[in-house]
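Good morning, and thank you for coming. Please take a moment with the sequence and the model on the screen before I turn to the details.

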Amino acid sequence: MKQLNQEEAKRIADRVIGLSKADECTVSIEGNRTGNIRFARNSVSTAGLTEDTQLAVRVAFGKRVGTAVINEFDDKSLEKAVRRAEELARLAPENPEFVPAVGKQEYQLTRTFVPSTAAIDPAYRAEVAAASIGQARAKKLVTAGFFTDSTRFACIANSKGVFGFQEFTDLSFTCTARTEDGRGSGWVTRSAVDARRFNAAEAAEIAIDKALRSVDAKALEPGRYTVILEPAATSEILGNMFSSFGARAADEGRSFLAKKGGGNRLGEKLFDEQVNIWADPWNPDVPVAPWDSQTLIARKRTDLIKNGRVASLGYSPFWAQKTGNQATAGHGNMIMAGGTKSLEELVAGTKKGIVVTRTWYIRMVDPQSLLITGLTRDGTFYVENGKIKHPVKNFRFNESPVTILNNIDELGKPEIIGGDEVPFQMVLPPMKVRDFNFTSLSDAV
């Protein structure tokens with residue numbers, strides 16, 4: 001089915017709501033067209049384009065809820081979906097945490113659609129792969145990578161007057177370069193809403209350079225080191241923390257924001273004063289939908305951490321009702337303030353330390369303190385007197401994002417980080433952090 005415009009989507013949503021006999025009805029329509037190209041061993045392995053459009057209808061009779069999903073949009077199919085959702089709702093047990101749907105919201109549109117990204121075609125995707133493969137062959141390296149681009153829309157509506165429509169574009173790219181003998185490895189990732197801000201050759205060159213420089217890695221003793229963490233190295237680590245800013249988990253003693261004896265740590269200084277983190281749906285680098293897709297609550301700019309202090313917590317509709325607070329929208333992005341220095345300038349100001357390109361295989365050790373474990377990979381380097389001296393073998397680490405954000409020496413210029421490996425679209429700076437805890441060595445490159 002073709003991508004719907006606002007008028008077409010509203011007509012379908014109104015039709016579904018009009019068919020419902022339930023106490024309330026919520027409709028969500030989403031469509032996407034996603035292109036991709038994958039390459040490995042310096043050759044394209046797969047390429048394709050997928051298109052899909054789906055409608056979900058959610059109804060409630062009192063506290064009994066039912067949902068049905070379809071991808072056919074004729075009148076008969078729409079009515080069948082509504083009746084199915086109502087049938088399921090009547091059969092369902094009452095939800096003890098049910099909260100009625102939100103009333104009419106004011107959504108300020110965000111700039112999530114860029115024509116240059118929507119215009120990406122198979123030739124463009126082939127050029128992305130060729131930029132990586134050509135450079136790698138010239139340096140006798142082997143590359144593998146994946147590029148995707150997406151054009152999509154989302155429409156939301158309910159029987160209480162809510163309506164929203166938004167179009168989106170985005171792209172993401174990852175590339176791994178390795179020496180033919182497998183002793184050197186480099187990696188890069190890029191994400192953007194606007195294709196004009198993406199340069200495949202520049203990105204691939206970074207992965208290739210790191211692969212060449214990471215050969216003949218030397219072993220360093222595990223221990224606590226000053227590290228320069230690239231944004232990709234901290235994105236998943238910090239993502240675990242950003243997902244833990246819910247008031248309910250804190251109030252119930254299930255998160256690092258729980259206060260001993262009860263309550264939460266809202267307003268407390270838990271991080272270095274340099275740490276400022278917020279969500280902003282209108283951020284030009286990582287714009288997101290102006291509504292929360294689960295609750296339909298309008299998003300707004302929200303500080304999570306202000307000058308090292310916990311500035312806000314998220315409240316689900318049920319927990320807000322239970323505690324007498326206002327329900328909040330979930331965050332679609334995270335932005336962290338930084339400085340003006342590049343990664344290279346942070347390295348130049350470091351007497352002794354380790355540069356970490358990427359972390360992976362991250363697992364939670366202790367949810368209460370957010371202690372995690374993981375490994376470095378794809379380019380880990382020893383720094384001495386402001387210069388990278390040689391590559392080092394990879395480490396396993398045990399660290400908490402709370403500790404990391406308490407041990408900041410310096411922040412660099414923020415960069416866009418996105419893709420499937422992170423829970424939010426992010427803007428993060430490279431960080432120079434002291435006393436990072438490497439616990440053992442890893443033979444992986």
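The second largest pocket has a lining of 38 residues, and those nearest its centre are Arg190, Glu202, Ile206, Glu230 and Glu415. By pocket I mean an open set of points on a 1 Å grid over the protein atoms alone, where a 1.4 Å probe fits, with protein on both sides within 12 Å along at least five of seven lines; lining residues have an atom within 4 Å of a point. The model is predicted: local features need pLDDT of at least 70, side-chain atom pairs count only at pLDDT 80 or more, and totals for chains, interfaces and linings use all residues. Residues are numbered from 1 along each chain as its sequence is written, and side-chain values use heavy atoms, with hydrogens and water left out.

The space in this second largest pocket amounts to about 1,000 Å³, where a volume is the space filled by probe spheres set on grid points joined across faces, edges and corners. Its lining comprises 21 nonpolar, five polar and 12 charged residues. Here Ala, Val, Leu, Ile, Met, Phe, Trp, Tyr, Cys and Pro count as nonpolar, Asp, Glu, Lys and Arg as charged, and the others, Gly among them, as polar. Elements that each supply at least two lining residues include β6 (185–192), α5 (200–213), α6 (231–242) and β12 (352–366). Helices (H or I, at least four residues) and strands (E, at least two) are DSSP runs, numbered from the N terminus.

How many residues of α6 are buried? The count is 10 of its 12, with buried meaning under 20% relative accessible area, exposed over 50%, and partly exposed in between, for a 1.4 Å probe and protein chains only. Among the buried residues of α6 are Pro231, Ile237, Leu238, Met241 and Phe242.

I turn now to charge pairing. Side chains of opposite charge can pair when their charged atoms come close. The whole structure holds 29 salt bridges, each defined as a side-chain nitrogen of Lys or Arg within 4 Å of a carboxyl oxygen of Asp or Glu.

In helix α1 (residues 6–19), lysine 10 and aspartate 14 lie four residues apart, about one turn of the helix. They form a salt bridge whose closest N and O atoms are 2.9 Å apart. Lysine 10 counts as partly exposed because its relative accessibility is 35%, and aspartate 14 does so at 39%.

In helix α2 (residues 75–91), arginine 83 and glutamate 86 are three residues apart, so about one helical turn separates them. Their salt bridge has its closest N and O atoms 2.9 Å apart. Arginine 83 is partly exposed at 26% relative accessibility, whereas glutamate 86 is buried at 2%.

Aspartate 181 also bridges to arginine 183, with the closest N and O atoms 2.7 Å apart. A network of salt bridges links Glu97, Arg248, Glu252 and Arg254.

Which side chain of opposite charge is nearest to aspartate 272? It is arginine 434, at 5.0 Å, and aspartate 272 is buried without a salt bridge; Lys and Arg count as positive and Asp and Glu as negative, while His and the chain ends are not counted. Aspartate 272 sits in the loop between α7 (247–251) and β8 (277–279), and its side chain reaches the backbone nitrogen of glutamine 274 at 2.8 Å.

Finally, aspartate 280 lies in the loop between β8 and β9 (302–306). Aspartate 280 counts as buried because its relative accessibility is 14%.

Key:
A polar contact is a pair of N or O atoms within 3.5 Å; within protein, one must be able to donate a hydrogen and the other to accept it, and residues adjacent in sequence count only if both atoms are side-chain atoms.
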